[in-house]
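Okay, thanks for coming, everyone. Let me put the structure up and then talk you through some packing.

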Amino acid sequence: MTEHDHHHRHDDHSELSETELRVRALETILTEKGYVDPAALDAIIQAYETKIGPHNGARVVAKAWSDPAFRKALLEDASKAVGTLGHVGRVGDHLVAVENTPHRHNMVVCTLCSCYPWEMLGLPPVWYKAAPYRSRAVKDPRGVLADFGVSLPKETEIRVWDSTAETRFLVLPMRPEGTEGWSEAQLAELVTRDSMIGTGFPRMPGIPS
Amino acid sequence: MNGVHDMGGMDGFGKVEAEANEPTFHEKWEGRVMAMVRAMGAAGAHNIDTSRFYRESLPPHVYLSSSYYWKWLLGLRDNLVAKGFVTESELAAGHAKEAAKPLKKGKFGLDSVERIMVRGRFERPPPALAKFKPGDRVRAKNMHPATHTRLPRYARGHVGVVERILGCQVFPDSASMELGENPQWLYNVVFGGAELWGPDADPTVKVSIDAFEPYLEPA
């Protein structure tokens, strides 16, 4: 948090909404009672705003597209495979990668709350946590995909993974055609967040993001 | 509990509306709430299952009409008040008025941040051999506990096939009530669309859940 924000937070009560006042009240109490250091809260927020996001998952996908041994290891034990990649290796023990093929499309949901592979994709978007997606993904996944402008051949199997325990699922999308010889860094640019949830496809080469 | 949080298969919520270039947080307070929940959990005020149970226990109209992080704030507040870490009178005053209650893991300071950035481990030594193996047909039990469970309603009573064993893990139904970890075998179980949604279902759809052994019986 910047100096300016601190100033704002202390001096401009009238500009704070009821919501902000209630959040601030709780944080003040937790701080005054010595439960939390506000600087530690700042550090958590900063990590999710600046370090942890879909670029982590994109790097994993791009490597799987480029390196057949890594792809095999990822599908066998994603936690172990991702654990070899240094700073994106903080996924713990319960990551599972599921591979899209011409015959099968994978899609991830958490119908009960909002379970999502934070370390790979960052914090989930609002739609992932909201009722329309959580209610329909398991019953009408094609309808949900249509909301995203995604359509699949009618014979393609759709496998929906409901994240009801601590397993976190990462979709390994199909590598776009026309990317022969591309570097991992170039490939990673094509990997979208939604393609790793299963509600979208990677970008096509040559089409700006 | 059969709450409104258990949304799989419900109708009427409308289209999925994705926001282009969505920010990590829409308002600054959302980040503060997320961080407070993570920090107080790491300090020992709750485990992940307890925090889910407090959010599920919000009145249905509140659950459905509140934004995501507002539900997090309400769940955190209820948890901290119930356990005596914070009092209603402190919340009304916006300041501490009473002595702090010791936290199991102590104050959450800057040196604790790295620890929570690595995802927790939920696997535990198994108390017994696994009852099921990949390929086994299993039925999700027709069970309706009034407290926290991770067996979604839409799967109950239906027959699926065990696809993989995910190890023996902390059992949310026990952990959420702070009755201990009570580790149980966990399986990925896959169901056909027609089994879950009837003969009119899209025949290309399969849905899997991660199901703990106490949720399953042989079929």
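So, A:Val109: if you leave aside its neighbours within four places in sequence, this residue is in contact with A:Tyr133, A:Arg134, A:Ala137, A:Val138, A:Val160, A:Asp162 and A:Ser163. Contact here says that two C-beta atoms, placed from the backbone, lie within 7 Å.

Before I go on, this is a predicted model, where local features need pLDDT of at least 70 and side-chain atom pairs count only at pLDDT 80 or more, while totals for chains, interfaces and linings use all residues. Residues are numbered from 1 along each chain as its sequence is written, with chains lettered from A and ligands numbered from 1 in the order in which they are written.

Chain A as a whole, then. We've got 12 helices and four strands, these being DSSP runs numbered from the N terminus (H or I, at least four residues, for helices; E, at least two, for strands). Of its 209 residues, 45% count as buried. The C-alpha trace spans about 60 × 35 × 35 Å along its principal axes.

Over to chain B. How do helices H2 and H4 of chain B pack? H2 (residues 48-56) and H4 (residues 68-82) meet at an angle of about 110°, with axes 8 Å apart. The axes are lines fitted to C-alpha atoms, for helices over the stretch in contact, and angles run from 0 to 180 degrees between N-to-C directions. So H2(B) and H4(B) are roughly perpendicular; that label covers 65 to 115 degrees, with under 35 roughly parallel, over 145 roughly antiparallel and the rest oblique. On the H2(B) side you'll find B:Thr50, B:Ser51, B:Tyr54 and B:Arg55, and on the H4(B) side B:Lys71, B:Trp72, B:Gly75, B:Asp78 and B:Asn79.

Technical notes: A residue is buried if 20 or more other C-beta atoms lie within 10 Å of its own, exposed if 12 or fewer, and partly exposed in between; C-beta atoms are placed from the backbone.
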